[in-house]
Amino acid sequence: MKITILTLFPNMFDGFLDNSIIKRAISKNIVEIKIVNIRDYTLDKYNRVDTPPIGGGAGLIMKCQPVVDAIKDNSNSQTYKLLMSPRGEQFSQQKATELSKLDDLLIVCGHYEGIDERVNNYVDELVSIGDFILTGGEIPSMAISDAIIRLLDGAISNESLTNESFDNNLLEYPQYTEPFDYDGLVVPQILYTGNHRAIEKYRRKESLRLTRKYRPDLFDKINLTKQDKKLLEEIDNNIDEPDWMKKALDKGHKFTK
C-alpha cells in the first residue's frame, strides 16, 4: 500500500515514520509512505501558501493553487484522496478497515484557519477524527495512517488483531500480566483454568459489561445472542461465579492469597 501525505510541516512526521510498527512496516515493504511539502508547489512570488480570507475574517487560509497542484502531481485515477475536515465523517475502526483495502491513498492536511473551499472538489472524501479543534491535519493524518497500517497483512501478528476494541461494536475485555497478586489486586482465577471455552465466555461477559458501562452508544448497536442475554442477566443479578464458571474453577488451577 502507498500512503501520500500532503502537509506544510513535513518535519512533524519524522518521529512517526521512525518508530515501532510503522518503521517495521516500511522496512518490510508492507507500506510506502511519502511526505509531500505543499510549499514546494506554490507559484506565489513571495513563496506564500496562505492568505487572509476574501471578505475579511480572522487568521489565514491555505491557498487553493498549491494544494490542488500538489494533489494532482501526487495522485492518479486509482488514488483515493482524503481531506482532513471537521465536516467529514468521523473516523472509526470500520473506516480504517475500508481504507486498509486500498492500494493508493492520499491525505491532505489543512492548517491555519482553514483551506480554500474549492479544494474540496479535488478529493473523494472528507474525514474528521472527532469534535475538537487542532492546529492542523498532521496529527489526524498520523492517527489515520497508524490505524490503517496496523491492519495491513504482515504489519503485526494476526492474533493481535482478533477481539480488539470496536470490533462488532464491543470494547475489548480486560487483560492481565503476572504477578497474580499486586497490591491486593488479583488476576481473575478463571484465566488460570486452561478451560478455553469458559475463558472465552468470561471475556465476552466482560466486554459486554465494559461496553454497556462506558460506551452505551456502541452497546445499543450490538446484536445480542441468547448467550449474551444470559451473561447480561448474570451481570444485572451480581452473579460473579455462575455455574459454568464454578465448574471451570473446580477442574482448573486456583490461586489462593
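The chain is made up of nine helices and nine strands, where helices (H or I, at least four residues) and strands (E, at least two) are DSSP runs numbered from the N terminus. Its radius of gyration is 24 Å, well over the 18 Å that the globule rule gives for 257 residues, so the chain is more spread out than a compact globule; the radius is taken over C-alpha atoms, and the rule is 2.2 Å times the number of residues to the power 0.38. This is a predicted model, in which local features need pLDDT of at least 70 and side-chain atom pairs count only at pLDDT 80 or more, while totals for chains, interfaces and linings use all residues. Residues are numbered from 1 along each chain as its sequence is written, and side-chain values use heavy atoms, with hydrogens and water left out.

Along the principal axes, the C-alpha atoms fill a box of roughly 80 × 40 × 40 Å. Of the 257 residues, 40% count as buried, that is, under 20% relative accessible area with a 1.4 Å probe and protein chains only. Among contacts (heavy atoms within 4.5 Å) between residues at least 6 apart in sequence, 73% join residues at least 24 apart.

Helix α4 (residues 93-100) and helix α5 (residues 138-149) pack at about 70°, with their axes 8 Å apart; axes are lines fitted to C-alpha atoms, for helices over the stretch in contact, and angles run from 0 to 180 degrees between N-to-C directions. The two helices are therefore roughly perpendicular to each other, a term covering 65 to 115 degrees. At their contact, Ala96, Leu99 and Ser100 in α4 meet Ile144, Ala147 and Ile148 in α5.

Methods:
Parallel < 35°, antiparallel > 145°, perpendicular 65-115°, else oblique. Buried < 20%, exposed > 50% of the residue type's maximum accessible area, 1.4 Å probe, protein only.
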